[in-house]
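Welcome! Please take a moment to turn the model around on your screen before reading on.

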Amino acid sequence: MRRDAVRRATASAVAAISRGGHGAVETGASALVKLSSDWSRMSPVLMEKVPPGKYVADAAVRPRTTEDVAAILAIAYAHDVPVTPRGAGTGNYGQATPFDGGILLDLRALDDITVNDTGTITAGAGARLTSIDTVGRAAGRDVWLFPSTKHSTIGGFLAGGSVGTGTIEHGTTTDGFVVAATVAPMDGSGELRTVTGDALTPYVHTYGVTGIVVEAEIRTDPRRDWTAVYAEFPTYPQTVAVHRRLTGLPVLPRLASADEPALVPTLTASVALDPAAFSLRVIAEAGTVPELEHLVRDGGGRTVAVRTDYAETDRLSGMSYNHPVWFLQRAHPDRTLFHMEIGGTVLWDDPDAVRATYPGDVHLHLELFRHSPGAMLVASYESAAAVESGIARMEAIGLDVHSPHQWYVDRNPELAIATAATTDPKGLLNPGKLSASTAARVNIGVR
C-alpha cells in the first residue's frame, strides 16, 4: 500500500479506535517524530539510514487495557494498517521504527504488577523494570535479570532486549526467564492468547512481529543482599585474570563490568576512579565480598570502594553493556564512534588481536557471562562498509559478533517467519524487521 493510502486507512482506523474508546490517540507531528524514534542514535550507521523524522507513524495510540490492544489490532487488520509496538523507546537498533507508517502502539499504560504466590511476577508490557524490581524486592524477591537501561519496559525488554544484570547466573531472556505471556495476534480475531513453555520462543526477542506481548509472567529468586564493589588494576592482563575467576565465587555475581582507561573518565561512578587504571565493577552478594576483595588483592589490584546501598548496585548496572559507549560518545562530540557487540574467550586471551580488527584506537568494555566474556568494541567511524568489513576479521579470530547497526530479527528468524504466517498473515506487525536472509540478520541492515 502506498504511503498516502496508508495515511487514509490509518485515519479511518483511528476514528474507529476512538469511537470504541480503546485508547488515547496522538497525531501531533512533533510527538509522532519522538515516538517513532529510539536510541539508535548510538549507531552512526543507523543515524544515516533511520534518522529521527525519516520514518514516522501516522498516529500513536496508547491503549489502557490488554483488551484494548486486541481490539486495536482487529481494527487495524480490517483497515490493512501497519502497527509498530513501542515501550519506553530505549532500544538501540531501530527495532521500533515504523517503516511503513500506520499506527505506533504505545504500551506504557499497561503497567500493572503482581507478585504471585509461586514467587513469579506478572506485569503488563508497559511496566518498567525499575518498578517491577521495587515491587519484587518489597515482597522478598529478585527479578532474574533486567537491562542496563533499567527504566525500560518489560515488554520492550522481552521484545528487543536479551541480556543484562543477572545474565551471569540466568543467561538471556530466552533461557527460562519468561514463564507465560499473554499475546495479541494480528489476525483479525481480536483475541488474546496465553502462551507457555516452548511455544514462547517465537515471541521473545522478535520485536513484536509475531504478536504483541501485552503481559508477561517472569521468574524471580529469593531476594539477596547485593553490594556494589569498585576495584582497579594497573594492567589489562591483571584485570581479566580476576574477571575470569569471578564465576568461582560461592554465589555468582549479578554483574561484572570492566573498562580500559580510555573509557573510565566518562563513567558515572559515585566514587573517584583513577583515569589511568583499568576499572572493574561487580555487583556481588554481600557474603562473597571478602573473597572478592581477596581475589582483587591477590591479582595485583585494589578495592576502591564497597557500597552496600542497593541503589548503588543500580548505578553499577547503569555503567554496563552499551552505556559506557554512550558516555564516551557524549564526552567526545568531536569524534564519531561506533561499537560492535562481541563475545568469546579471545577477549581475555588475546585482546591485541581483537583491537587489530579495526584501524586506529580500539577500546574494549567487558562484561561477564557464565562461561566467557562479552564486550563492546569501540572505534572511530569511517563508513558503514568499513564497519561491516570488520565482522569477518572478528569471526576469523573466534569472536561471536552481533551488529548493533541493523534492525532485523536475529534470533530464531525461521521460526518467527513460520509463526507470523499464522499470527500476522498480512505482514502488518512491525513491517521491515523480519527477513529470511542470514546476511540481513548478521550484517548491517538497510531498507
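Predicted model: local features only at pLDDT ≥ 70, side-chain atom pairs only at ≥ 80, totals over all residues.

Now look for Ser-37, in the loop that runs between helix H2 (29-35) and helix H3 (44-49). Its relative accessible area is 18%, and buried means under 20%, so Ser-37 counts as buried. A polar atom of the Ser-37 side chain lies 3.0 Å from the backbone oxygen of Val-33. Beyond its neighbours within four places in sequence, Ser-37 is in contact with Pro-52, Gly-53 and Arg-86.

Next come the charged pairs. The whole structure holds 19 salt bridges. One of them joins the side chains of Arg-3 and Asp-58, at 3.0 Å from N to O. This pair links distant parts of the chain, 55 residues apart: Arg-3 sits in helix H1 and Asp-58 in the loop between H3 and strand S2. Arg-3 is partly exposed at 29% relative accessibility, whereas Asp-58 is buried at 18%.

Another salt bridge, at 2.9 Å, brings together Glu-169 and Arg-224. Glu-169 belongs to helix H7 and Arg-224 to the loop between strands S11 and S12, so the pair ties together parts 55 residues apart in sequence.

For a contrast, find Asp-352 and Arg-355, whose closest N and O atoms are 2.8 Å apart. Both lie in helix H13, three residues apart, about one turn of the helix. Asp-352 is exposed, with a relative accessible area of 54%.

Note on methods
Residues numbered from 1 in each chain as written. Heavy atoms only, no water. Helix = DSSP H or I, 4+ residues; strand = E, 2+ residues; numbered from the N terminus. Buried < 20%, exposed > 50% of the residue type's maximum accessible area, 1.4 Å probe, protein only. Polar contact = N/O pair within 3.5 Å; in protein donor to acceptor, adjacent residues only side chain to side chain. Contact = heavy atoms within 4.5 Å. Salt bridge = Lys/Arg side-chain N within 4 Å of Asp/Glu carboxyl O.
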